[in-house]
Structure formats: C-alpha cells, structure tokens
Amino acid sequence: MKRRRFFGKLGTASVAGATAASGGTLAAKAMSGNTEELNDLWDSFFQKHYRRMNPEELRETIARLERRARKRFGKNINIDTNPAEKGVLFGYALNISKCKGYRKCVDACVDENNQSRDTQIQFIRVLEMEKGSMNLEESEHYYNPETVPQEGKFYLPVQCMQCENPPCVHACPVKATWTEEDGIIVIDYDWCIGCRYCMTACPYWARHFNWNEPQLPTEELNPDTHYLGNRPRSRGVTEKCTFCVQRTRKGRQPACQEACPTGARIFGNLLDPESEIRYVLEHKTVFRLKEELGTEPKFWYFTD
Amino acid sequence: MNENISFLIDFIREAFRGGRIFYSWMSLLTLIVLLGIFSYSRQLQEGLIVSGMSDQVSWGVYIANFTFLVGVAAAAVMLVIPSYIFNDKAIKEVVLLAEGLAVAACIMCMLFVAVDLGRPDRFWHLIPMIGEFNFPHSMLAWDVFVLTGYLFLSLTIPYYILFMRYKGAEAKHNVYFPGVVLSIGWAISIHTVTAFLLSSNVARPFWHTAILGPRFLASAFSAGPAFFLLTLQFVRRYTDYPVSPIIFRRIAIIATAALQINLFLLFAEVFTEFYHQTDHTVSAVYLFFGIGDKTALVPWIWTSLALNVAAVIILSIHPLRERDKLLNLACVMMVVGVWIEKGMGLIVPGFVPTPLGEVFEYSPTLVEVTVSAGIWAAGLMIYTLLAKAAIGIELGNVRLHSSSVPVS
C-alpha cells in the first residue's frame, strides 16, 4: 500500500523513466497516467519469489494477478495457492498396450492448461514407435494417418516425469523451479528469467518456452487455475506439465487421465498402499524411460 | 582519491583521442552497434520468436558466441603466465593489452547471455541476497560468479599497474602478484565452468563427455592468442608502441601447440564416437554427415576442420610460420575455425536430435546475426579504447600533473 501513495506523489514523467526498464510498452502506458496500472506494473516488476512471500503479500499478489488477467482476457479467473497435502506423493503409470495413439490426452491437456494456441505448446508428446524397438530416434512425432493404431506400431506418450532427482531444478540459476512436497515440479512463471537452461537439462523434452506473448482466445481460457499450474503465462518464460496441480490437489484426476478413452492412464498417491498406482507397481512389469540417467522419474510404463 | 579521479579522466581522454583512422574505425563500430540495438529492440518487442530458436533447439548463436568468447577471455592467461610468473620481458610489454582483451571478451560474454534471456527485466533475480542465486547447484550460477570475478580481476590488476605508471611510480610486485596468481587460476576456471555447464547435462549425450573441458581449454588457448596476435598487428601498424617481433613468435608458438592438442583431442573424440556407434553418436553423425535431408551443420563443421588443419600445417612448419602474411592468415583461419567448432559446431548439435529423437534444424535469423554483430562491435570498441589508453600511459604520454586541464 505504501507504493500506491508513492506513485500518487510522483510526476508521470519520472515514473515513465522508472518503469522503462521493463519494456518500451510499459513506458508508453506510464505516459497515459493510469495510476492503478502503474502500481500493478511496479508491483509486478518487484514481485517476490513465490516461496518468499508472506501470506499478506501472497494475497495481494493473487489479487493483482487476477485483476490483470481480467484486463487481458475480459473474464474472471481464479488463482489457487493451495499447498501440497501431507502424506501425498503423486505418481503416474501408463499402460502402453492400451494406448492406441488417439492423442485425446494431448488435446485435453491443452484445453485444461491454457497453453499458447498459436505456438501450439503441448506438454504431452505421443511417439509412434516401430514394434520391436525402443529407439526414440526412429519414432514419428507428427504421425497423421487416417486411423490409428497403425499396423506394426505402438504408441509412447511422453510428458514431464516429475523426477525425484530433477536435472532441470538443479540447472535453474534463480531457483524459479522446484519440487513441491507432493512430488510435483513447478515453476514460478513470475520469477523465471527465461535462460532456458532447464530445457537443456531435461532428458524428456518436457519443458517448453513461450517464444512470444502467449495467444489464448478468451472463450478457450480455463478460469480455474493454480499459481503453480495453469494460470496464464507471459512471454519469455518456460512451462511444463504439473500433473494438473490445480485439479489433483483438489482430489481430481489430471485432465489427460480423464480424457484417455482406453483407460491406459493410472494416476494416484504413491504413499497410499491401497491406491491403484501402487497395485500397478506391485503387480505389473513396469519400466521407466531412460532410467539409466538416474533422474528417478515418477512416471512408469507397463504392459498387460 | 583525487589522483584516481584525474587518472580516470586522463584515461578516458587518452582513449578517445585519435586521428582520422581511429575515428573512422569507431564510427564504423558505432554504426554496427546501433544496428544491433535496433534489432534487439525488435526482439524485446516481439519476444525471442524473432530468433531461429525453438523448443527443439533452444540455444543458438547467442550462446555459441558466449562459449567462444569465454575462451578468448580465458586465453589472456597464456600471456599472463609467461610475463608475471616467468618474467618474460617481451611478453610483459603486451600483457596489459591482453588483459584489456579479456575485459572486452568478458563484457561481450555477459551481453550475449543477457540478449539470450527471455525476461531481461528480471535480471536482478540473479543478484545474490536480492534475488535467488542457485549456488552451488546450478552451473549457470557458477558461470555468473566466475565471469564477474574474472572481470573484476582483469580490471583491477591492470588498473593498479597503469595507475602507478601514471604517477611515475613503480608497481609493487607484492601488491599485484597475489592478484596475478589468483587471476591465473580464475582464467582456467571460467572456461572449465563453461565446459561443465554443457558437459553436466545427462540429457545431451553430445556434450556429456569428460573431454569437453580439456578441449575447451585447448581451443581457447589457440583461438584466443591468435585473435590477440592479429590485434597486435594493428597496434604495431597504427601506434608508436614498440611490439618486438619476438612477441609474435612466442604467441604463435603458444597458439600452435594449443591447436595441435585441440586437433588431437578432437580426433580422440571422433574415434570413440564412430568406432562403435551408439545413441551417443547421433548428434556427431548429424554434425558431420547430416541425417537424411537434414544437413544444415555439415558445411560449417567441414569448413571449420579444413581451416584448423590448414592453420596447423602452416603454423607447424617453421619457415612458413615466420612469414608475417602466412602467420596472419593462419591466425585468421584458426579464429574462424575455432569459432565455428565451439559455436555452431558444438552448441547446436547438442540439441539435435532432441532427447525424444526428433531431428529439427536451426539456423540463425537476421535479428540474431545483427544483434551478435552489434555485441562484437561493442566489444571491439571497448578493447580499442582500453588498448589506446593503456598504450598512452605505458608510453608515458599521459602522466599525472602533465595534464593541461587542472583537476579540482
């Protein structure tokens, strides 16, 4: 609130100078003299790291982010900050003998997670593989036949594995990405500096970058969001699958799991001995992709 | 304190004093810098989408230039060691210029990282205490730390020596020598850390090799001195500063030995990659031969190899190396050859294929090329100014109390 008053006293010109650092368009907006806009820009620039904000700062930040999203999309959105539940560690298992390559998970993920539509960011990539081989270099990423599954092929969906020993988290020079208590690796999009070292470090190509201002039509915006999950992103930051943190922390399933028409996807709490995922891990033959790299993925593949 | 201020004022005045050639050179560089700024403003407005980079190849010429220039910065150590440790009088004459080049290269490195950021407005997140500095986990944090430290050392040691000279006093060995020893270790570290920044990535088999660090140092100690030697030719030609011929011979030998080692290391790497091809080899195959119709890097790497081999032949044969024109030619070939090898030939293939096996090509856009050119021009400008002022002071043209304008 102090900053509000601070701006009230300042002349427009000097304010323009102060905010010019965050981009030419900001300076232009500053000239218009809209005080609330100015305060928001100032607060955005100096916004603290998510994990360093006290409850009051977090409340103010969320209010501002919701206000700005309303301006940007003309629609109310809700940004949750609910933390990880105690005794929960999320894990995923995928039955590759059931996956037929429909890519329904890919579409559902995009609908849920507010990815930029024009640059077509997708968190899940389904690889069409030759039967009898696990060589990723032979895989087809852009398969597009009349019908799937194709003869002689099997399908391998890949997304963020939420590694227990995550190279991306080690790589980040500013701690903008970390592992939450429930095992989900998240990004503070407002802290990321966009160096893309995490993308270099990830062995699963699970991280994606906003090369331009994300384009998302208002009618396609999903208003139920989480700060660490699917809230609208800005240009110049990385993003990734968060096991739909906005859903799963409320006891729901990830969008990809719900969308899968063949029931190939099993998601749940690894710490709950009664969970379906624990059943899979204990009774099926499972494997993990690139396990030899020692990143300890929490995403398993299995067959019937 | 007053002496320091008058030193700085005289330093800057000397740096900008010059004849027609000097001003034409600076005007040319200014033009290129302005072009770079123009392109960068476009990148700021539209985002990094104006670059040729993609989710598949997420680093390009910016980081390529960065890795090369870290080497140039580190290479100053190859002149620092003989001059300060072995007291080589000839090399000592030019060691301050080498440190000037190190300063310019360091600043270029920082600029290349800065223009690569998606959110340069959040640069302050990197500042320890104020931001969140992921030290010691992140190799990028290490790189920021060692580069800043190296820049500081490369500025302060020459500052002290030039300042004493300016006052007409003798630089005290006890004062600067500990700094020199520190800067030698530090120079090695900046390039080692930059190599580790890449080689630590299990996701990128092409870089994930222990030979990367040694290769970085070898190529740096060939291209860096070669670049420096070329600039000395200009110093000899356009200034009164005496550069004895023996210096060229010494630097040429350093560069030659380093290039020979570099080629041997490359050979060792290529042998291991290709004798029995594994997953590890795919990027190398792409680099040297292309995969299917994806062959963007093939002409680059063979040009680089040809240049490096030709340079090493010229430099290894004494009668050839001792001919000025051939020596210069070899140096140019070495600089260009190593620039390709460590830039387009190292950074880009690390991303091809992607960890999921997709072969997606990269080529820089006009924006990236002009921004890079702008940074190079800015670096050359800094080097020119530092070198000019240092030469003026070393020659005794700029002295305390000889200034016509009184300093209050």
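Buried means under 20% relative accessible area, exposed means over 50%, and partly exposed covers what lies in between (1.4 Å probe, protein chains only). This is a predicted model, in which local features need pLDDT of at least 70, side-chain atom pairs count only at pLDDT 80 or more, and totals for chains, interfaces and linings use all residues. Residues are numbered from 1 along each chain as its sequence is written, chains are lettered from A and ligands numbered from 1 in the order in which they are written, and side-chain values use heavy atoms, with hydrogens and water left out.

View 1. Contact means heavy atoms within 4.5 Å. Among contacts in chain A between residues at least 6 apart in sequence, 66% join residues at least 24 apart.

**View 2. Glu239(A) and its surroundings.** Here we zoom in on Glu239(A), found in strand β9 (residues 238-239) of chain A. Glu239(A) counts as buried because its relative accessibility is 0%. Leaving out residues up to four places away in sequence, Glu239(A) touches a set of residues including Gln115(A), Phe123(A), Tyr189(A), His208(A) and Arg233(A).

**View 3. Asn65(B) and its partners.** Now over to chain B, where Asn65(B) sits in helix α3 (residues 61-75). With a relative accessible area of 2%, Asn65(B) is buried. A polar contact of 2.8 Å links its side chain to the side chain of Trp339(B). Beyond its neighbours within four places in sequence, Asn65(B) is in contact with Phe112(B), Trp339(B), Ser372(B) and Trp376(B).

**View 4. Where α6(B) meets α9(B).** From α6(B), Leu97(B), Ala98(B) and Leu101(B) meet Phe227(B), Phe228(B), Leu232(B) and Val235(B) of α9(B). The residues of this contact divide into seven nonpolar, no polar and no charged; Ala, Val, Leu, Ile, Met, Phe, Trp, Tyr, Cys and Pro count as nonpolar, Asp, Glu, Lys and Arg as charged, and the others, Gly among them, as polar.

Terms used: Helix = DSSP H or I, 4+ residues; strand = E, 2+ residues; numbered from the N terminus. Polar contact = N/O pair within 3.5 Å; in protein donor to acceptor, adjacent residues only side chain to side chain.
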